[in-house]
Protein chains: 2
Amino acid sequence: MPESTALLTDRYELTMLDAALRDGTAQRPCVFELFGRRLPGARRFGVVAGTGRLLRELREFRFGEDELRYLRDERIVSAETLTFLEGYRFSGSITGYREGELYFPGSPILTVEGTFAEAVVLETLALSIMNHDSAVASAAARMSIAAGDRPLAEMGSRRAAERSAVAAARAAYISGFGATSNLEAGRTWGIPTMGTAAHAWTLLHDTEEAAFRSQIDALGIDTTLLIDTYDISEGVALAVHVAGTGLGGVRIDSGDLPTVAAHVRAQLDELGATGTKITVTSDLDEFAIAALAASPVDAYGVGTSVVTGSGAPTAGMVYKLVARQDSSGAWVSVAKASADKASTGGRKAAFRTLERGKATSELIIVSDGFEQVATAAEYPDARPLHVTLVEQGETGAAFEGAAGVVAAREHHLRVREELPVRALALSRSDPALPTVYVDAN
Amino acid sequence: MPESTALLTDRYELTMLDAALRDGTAQRPCVFELFGRRLPGARRFGVVAGTGRLLRELREFRFGEDELRYLRDERIVSAETLTFLEGYRFSGSITGYREGELYFPGSPILTVEGTFAEAVVLETLALSIMNHDSAVASAAARMSIAAGDRPLAEMGSRRAAERSAVAAARAAYISGFGATSNLEAGRTWGIPTMGTAAHAWTLLHDTEEAAFRSQIDALGIDTTLLIDTYDISEGVALAVHVAGTGLGGVRIDSGDLPTVAAHVRAQLDELGATGTKITVTSDLDEFAIAALAASPVDAYGVGTSVVTGSGAPTAGMVYKLVARQDSSGAWVSVAKASADKASTGGRKAAFRTLERGKATSELIIVSDGFEQVATAAEYPDARPLHVTLVEQGETGAAFEGAAGVVAAREHHLRVREELPVRALALSRSDPALPTVYVDAN
């Protein structure tokens with residue numbers, strides 16, 4: 001797989017670049033904004049994720065010999081544009097929401113400033129990463145809320161494309177999951193990994209007893225035995241028979257979980273295995289987790305629904321030109337006019353207003369004149385939402401790598417506390433906070 | 001990004017390997033099967049995709065120094081297992097459905113044979129690739145059928161994680177799309193790419209006219225102008241004014257498309273631009289495409305819905321141990337027993353039965369004794385579905401790279417002709433063909 005991320009790009013970005021280099025508009029200073037017109041899945045809040053990955057992939061956004069050869073051979077751009085791309089390096093600035101932050105319709109999640117040429121070509125990569133990761137994080141946060149204090153693990157790699165699976169594990173962790181089954185997510189992003197055995201383990205052995213015995217020999221009695229390959233009651237009895245009452249846990253991966261979990265708990269208690277924990281993992285989503293709140297379940301494993309955004313596999317964010325200089329060097333706010341896809345032009349600053357620690361609105365200050373963008377001082381009870389992510393092409397190290405993931409997770413769990421109670425309900429509804437625009441011109 | 005694909009794996013695969021190396025079952029010859037219990041989205045047929053990608057990534061499934069260090073540092077497996085993994089190379093065989101082939105519930109899409117140790121560790125990677133790519137291909141085929149002879153382009157990269165976008169473009173192409181916006185899909189898989197300009201192009205310029213003029217200067221009058229940034233009627237008039245009646249095309253990306261397309265066509269004709277083509281691209285899916293069949297539309301661009309599987313972002317396939325040798329070396333068919341996730345044990349051969357060129361059933365021959373697997377000779381009117389993909393660790397080159405994609409697309413379009421008419425309807429229903437199991441023991 002090529003290291004370069006430069007061709008993870010829609011062809012029209014380069015076609016526009018080509019034409020803009022020809023007519024001179026390529027050097028116009030521009031402001032692009034990445035935002036969502038609505039929340040994925042008609043939910044009450046969204047979670048920003050992907051920022052740390054974008055910063056990493058931005059470093060690899062270089063047109064090397066192989067990339068240039070392809071563009072030349074396919075006659076996608078002119079020789080002049082190839083020369084420009086050969087030296088391409090984003091030298092502009094990106095401000096935006098911290099990873100793990102909540103967002104609402106219209107929240108200016110990323111503001112990318114640079115010449116048209118250097119900023120337009122980042123559209124596809126930025127949207128691919130932010131749309132996928134934020135969709136997963138937004139779904140994962142609801143599962144994390146539904147799970148409460150019970151541990152929650154992500155194990156959906158097999159239901160996501162192989163590299164998306166790593167990103168999904170990372171996004172779920174940021175939104176409060178405690179671990180992942182995905183080893184690459186552990187290696188690349190430092191996320192704790194988990195997992196013991198699948199049904200194949202039991203089926204491989206001549207008897208279920210042989211499989212349990214071998215697993216305990218290898219992993220100790222603290223391991224979790226999967227007890228539903230054949231008959232669940234027999235599986236539970238056998239597990240305790242083999243491991244003793246000190247068995248760490250059992251996992252249930254099929255059946256009507258509230259019923260089965262209650263039976264298994266009663267059976268374990270009766271056998272004296274009162275400390276043996278029950279993990280459930282069968283097609284869970286936020287609703288199934290919530291429905292198990294009163295059941296004797298100790299931990300959840302979630303697969304398909306978290307990696308596919310639980311019905312909303314993309315956050316649907318867009319990347320729009322909102323301001324540019326005209327031929328005289330004056331700034332102009334711009335926006336598409338069509339009724340169903342209108343957007344608000346102009347550069348924006350964003351704040352979350354709070355009352356007694358609870359969020360009350362998403363306050364967005366729109367300003368044509370770039371010097372007058374409002375500051376926090378004008379809104380003393382508001383938390384400013386933008387931080388500097390890239391300055392003159394240099395990335396802020398604090399948001400990158402495994403440390404960036406830990407910081408994003410902590411930030412997410414902290415700001416989630418600001419949500420009003422109505423934001424925590426799982427049913428479809430309007431966004432929990434109103435987006436309030438203030439024109440500061 | 002690491003080249004190795006070995007850690008794109010659920011931790012429990014290695015935990016099981018670790019325990020199996022310890023108890024001696026690791027060397028048992030095994031047969032794993034990759035199949036779907038049902039079709040994604042309650043559709044009438046599924047499309048197999050991802051095979052060529054899997055074969056490529058299988059080559060990179062190696063545990064190098066970095067991968068081994070991570071596993072050692074995190075104490076995920078024992079020293080003995082690390083030694084095994086250091087020398088790991090899949091030396092077994094994989095037979096399966098050709099890429100682009102149709103599939104139905106229970107179709108044995110891949111049959112992986114090898115020792116438990118070498119075959120179990122491929123589960124996550126194989127499922128990640130096949131589940132994602134087949135979900136996209138299965139959705140894309142319906143869009144391709146709905147579009148009929150009108151050209152259809154995939155442009156959803158921004159709504160899929162960055163590397164999934166490349167795989168999605170590839171899967172859509174296999175299912176009949178004609179082009180993609182994704183340049184990496186063009187470079188890696190040889191897929192034709194397309195694209196001209198976004199709304200940012202118009203907004204960058206002082207006037208819409210300046211934008212159109214510049215695009216035509218750069219790309220010629222054969223280009224496609226995006227005419228809905230401000231007012232569509234004015235956009236159309238301006239486009240023809242600037243380009244003349246020889247303008248190649250206009251693109252509409254908003255509004256109620258049947259209405260707007262009719263208006264735009266009438267206006268173009270009135271202006272004399274009778275040969276100017278209309279491309280529509282606003283949130284299309286198979287239903288919207290079908291609804292435009294009678295509209296004067298010349299080409300479709302589809303984004304979000306194709307890359308997210310149009311409501312079914314994963315195909316939900318599983319990878320199950322179906323047969324293994326016991327301690328005496330005899331083959332034993334195995335299967336999980338639970339009612340909601342039961343599967344059929346035993347090695348399988350698969351055929352599509354045909355009558356007068358139309359498919360009538362998915363015939364699956366189940367055989368415990370591996371020597372008696374049925375051959376095509378017993379079913380003269382049936383097309384055998386399995387081909388050899390990997391033999392003793394060696395990949396069949398015909399299924400790889402850009403040539404493999406072309407072959408898969410041709411195969412898909414050919415076998416789609418075998419579908420009965422009822423399979424082509426877009427509404428939810430049962431699978432178009434019954435899956436018939438024959439026990440050959």
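Me: How much area do domain 1 and domain 2 of chain A bury between them?
Reply: In this predicted model, domain 1 of chain A and domain 2 of chain A bury about 1,800 Å² between them, and 64% of that area lies on carbon and sulfur atoms. On the side of domain 1, the residues that lose the most area to domain 2 are V136(A), V405(A) and R409(A), which together make up 36% of what that side buries.

Me: Which elements of domain 1 touch domain 2, then?
Reply: The elements of chain A that give two or more residues to that side of domain 1 are α2 (51-59), α6 (123-147) and α15 (401-416). The largest share, eight residues, comes from α15(A). Sorted by class, the residues on that side of domain 1 of chain A are ten nonpolar, six polar and six charged.

Me: Switching topic: what rotation puts chain B on chain A?
Reply: A rotation of 180° with 0.0 Å of shift along its axis superposes chain B on chain A, with an RMSD of 0.0 Å. That is the relation of a two-fold axis. Both copies use the same surface, since 100% of the contact residues of chain B recur in chain A.

Me: And how many residues are in contact there?
Reply: In the pairing of the two chains, 98 residues of chain B are in contact with 98 residues of chain A. The area buried between chain B and chain A is about 8,300 Å², of which carbon and sulfur atoms give 55%. R158(B), L183(B) and R187(B) supply 10% of the area that chain B buries against chain A, which is more than any other three residues.

Me: What about salt bridges between chain B and chain A, how many?
Reply: The count between chain B and chain A is 16 salt bridges, and in one salt bridge the side chains of R158(A) and D10(B) meet at 2.9 Å, N to O.

Me: Which helix of chain B gives the most to the side touching chain A?
Reply: Helix α1 (residues 11-23) of chain B gives the most, with ten residues. By class, that side of chain B has 39 nonpolar, 30 polar and 29 charged residues.

Notes. Residues are numbered from 1 along each chain as its sequence is written. Chains are lettered from A and ligands numbered from 1 in the order in which they are written. This is a predicted model: local features need pLDDT of at least 70, side-chain atom pairs count only at pLDDT 80 or more; totals for chains, interfaces and linings use all residues. Side-chain values use heavy atoms; hydrogens and water are left out. Buried area is the accessible area (1.4 Å probe) that two parts lose on being put together, summed over both. Helices (H or I, at least four residues) and strands (E, at least two) are DSSP runs, numbered from the N terminus. Ala, Val, Leu, Ile, Met, Phe, Trp, Tyr, Cys and Pro count as nonpolar, Asp, Glu, Lys and Arg as charged, and the others, Gly among them, as polar. Copies are superposed by least squares on the C-alpha atoms of residues with pLDDT of at least 70 in both. Contact means heavy atoms within 4.5 Å. A salt bridge is a side-chain nitrogen of Lys or Arg within 4 Å of a carboxyl oxygen of Asp or Glu.
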